[in-house]
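Please consult the sequence and the model alongside the text.

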Amino acid sequence: GNGGGLVPGLGSFLFLSGLSAIYLRTLYRSVPGGDSGELVTAACELGVAHPPGYPLFTLLARLAMTILPLGSPVFRVNVLNAILGIATASLLFEAVGRLSDSYSGGILAAGLFAFSRLAWQWSVAAEVFTLNNFFVSLLMVLTVRFSTAPTAQERSKLSLLGAFCCGLSLCNQHTIVLYMMYIVPWVLFRLHREKELSVRVVLRLGLCFGAGLLPYLYLPISSYLNRARWSWGDQTTLRGFITHLLREEYGTFDLAKSESGSGLLQVWSFQLAQIKTELSTIGATLALAAIPLQVFKSNSSQRSVLWLFTVMLCSYSIFFSWRANLDLSKPLYVGVVERFWLQSNLVVCVLAGCGLASVCSILQRTMGNNALWDWAEWLFAIILIAFQIHHNYRICDQSNNYVVDKFARNLLGSMPPNATILVRGDLPGNSLRYLHYCEGQRPDLSLVDQEMMTYDWYLLKLAKHLPHVHFPGHRWNLVNQVDPAGTVTFNLHHLLNANKEREIFVCIGLHEGDPSWMYSYSLRPWGACEKLVHSTSQFSPESWIQHTKDMYNWTEEYGRFDPASWEAIANEEMWQARMKTPFFLFELAENPGQAEPVKVQLYTFAYQLYRELVTAEKHPVNWHKNYAIVCERMLWLAAHTAVDVSPESLLSEAIKHFSLYVAKAPDDPQKSAIIQFIRHLKEERARAQ
């Protein structure tokens, strides 16, 4: 059937209007976590994003910043993504409508995907995945149209357009090639079967494909001009261009460098579970039903396309599960991997829409009463979409989510004038870069990426934009040397010595591979960051406490975010920042070389700060253990007299917080030792009484 219980045009119009309103209502108003900050910064600066460069997204994002009249740069790119998400849904509607002759099946497929958590989440944030969804849907629509094209002229036009779109889509995300490797031979076979394939046709297809790749010319042009303060790689040479294009710095067929994955079967089982969760059990069942029900289709072209899509789905899922080299036991890595399942979810939704149409068609033929089943088909689609919206709205509504933005603003705001920040990691690096370069926050600061300093191209580009930061070589490396090519490497100790007149901070943490800074420098806590100071610098605990206490205006409740989200990471960093100063003072007190009066003073400061921290209703679990240890030290060093607290009280506090820690962190490998120590403390308390 055609799902004719509603006027088809009205149904699709109402759906797309509702989708547009919901997407625009739930958009991020600020910078999201992950790669969003870096991608928007590359567009702001007209630089090159991380491999493979994403030139098409960069140019579209820049266009959005130019023509959209309202909001910050990142908000405008978020709007662009919402528009792409809406376009993806409309293409899904057309693909399924043509494949199944059912408008309601098309609405089901579009709604099931558009309102799934993953698709919705990445359609309201500046990221490359929604553009990839758009191209996958576009290629499926062109494939369906090609299969039903009535004339050779129409097939020629569609094949040329498809070749161009294949090339253009590769200017965004390369995973789409795993679908192309099936669509392209299928199209060529159909042209050959119709006796429409020739050398001339192949050349024309190749030219159209090459034309689609033209945005990649942006990479060497941007790299040559070197006007962007943030840009990745050197694409002015053929070797540099190929390195970037093939993601060699990450691993061409891997998600990340130097990571070990969970294994094919575990990743695949995760994906199957995710399909059920994202698209509902009913949606997954309809998709599964569509595969055997294809044999009942009288239209051989439709049947051929459905088999093609099924093979694409299975091949992509197996290949990606094999190459996803991230440990899925870590929640953040699950969030990284699951975004790549959007490409397979698109095909699952196409199959689900076709499955609904096939089931209803069989019921119509079996039971009659076509009008009743047409209405039932529409009603079923509407209910399932309404369920998706109800289930995911609260999770996907990011209109009031400023967590990453506030995290970055707090870090920038805490820095003294003209400081240099050695950034490390996606969260601080990308969010600080966006605010600093795109919104002009703290122009007096200098941002230097720790990981990027290990690449030959980075400092050659950066030195032009940071002339006041002195780099004693071409690349950061543990060993100072000059290689045969003339590249001079330097370690962190030499970098610090070359910039003694500047205050240098690290956010967040230092690269573990270079301990050279320890020779003459030390790290002191500065909120979520640390300050590198010369070892001869005088340290006043009172002054440092005054500097770092209440450094941030952070009001987010601890533990309120999904552990797989960047918001959870930002929130954790800001909460743990409160603990860094007392922990640092405790570590100083533990130094065997400290004089007894200094030990007592440091333990006392640490105790007072920890005591204030653990009064929070919810806080990181490790605070319990740290506070309990400080209480125990205060007790045996007789430091309790300095804070006017009784030994009995300290004993009780140590027992209480060690016990709370064991209860809340049952997987701690030291659990048995802590329990034994709690018994010892209880015995001491009993003897004291």
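The largest cavity is lined by N226, A228, R229, W230, S231, W457, Y458, K461, L462 and H465; a cavity is a set of points on a 1 Å grid over the protein atoms alone where a 1.4 Å probe fits but cannot get out, and lining residues have an atom within 4 Å of a point. The model is predicted, so local features need pLDDT of at least 70 and side-chain atom pairs pLDDT 80 or more, while totals for chains, interfaces and linings use all residues. Residues are numbered from 1 along each chain as its sequence is written, and side-chain values use heavy atoms, without hydrogens and water.

**Cavities**
- The structure holds four cavities of 30 Å³ or more.
- The largest cavity has a volume of about 80 Å³.

**Lining residue S231**
- S231 is buried at 8% relative accessibility (under 20% relative accessible area, 1.4 Å probe, protein chains only).
- Leaving aside neighbours within four places in sequence, S231 is in contact with G47, V48, S222 and W457 (heavy atoms within 4.5 Å).
- A polar atom of the S231 side chain lies 2.9 Å from the backbone nitrogen of V48.

**Lining residue N226**
- N226, a residue other than glycine, has a positive phi near 50°.
- N226 also counts as buried, with 13% relative accessibility.

**Cis peptide bonds**
- The bond from P51 to P52 is cis, with omega near 10°.
- C507 and I508 are likewise joined by a cis peptide bond, with omega about 0°.

Notes
Buried means under 20% relative accessible area, exposed over 50%, partly exposed in between (1.4 Å probe, protein chains only). A polar contact is a pair of N or O atoms within 3.5 Å; within protein, one must be able to donate a hydrogen and the other to accept it, and residues adjacent in sequence count only if both atoms are side-chain atoms. On a 1 Å grid over the protein atoms alone, a cavity is a set of points where a 1.4 Å probe fits but cannot get out, and a pocket is an open set with protein on both sides within 12 Å along at least five of seven lines; lining residues have an atom within 4 Å of a point. Grid points are joined across faces, edges and corners, and a volume is the space filled by probe spheres set on the points.
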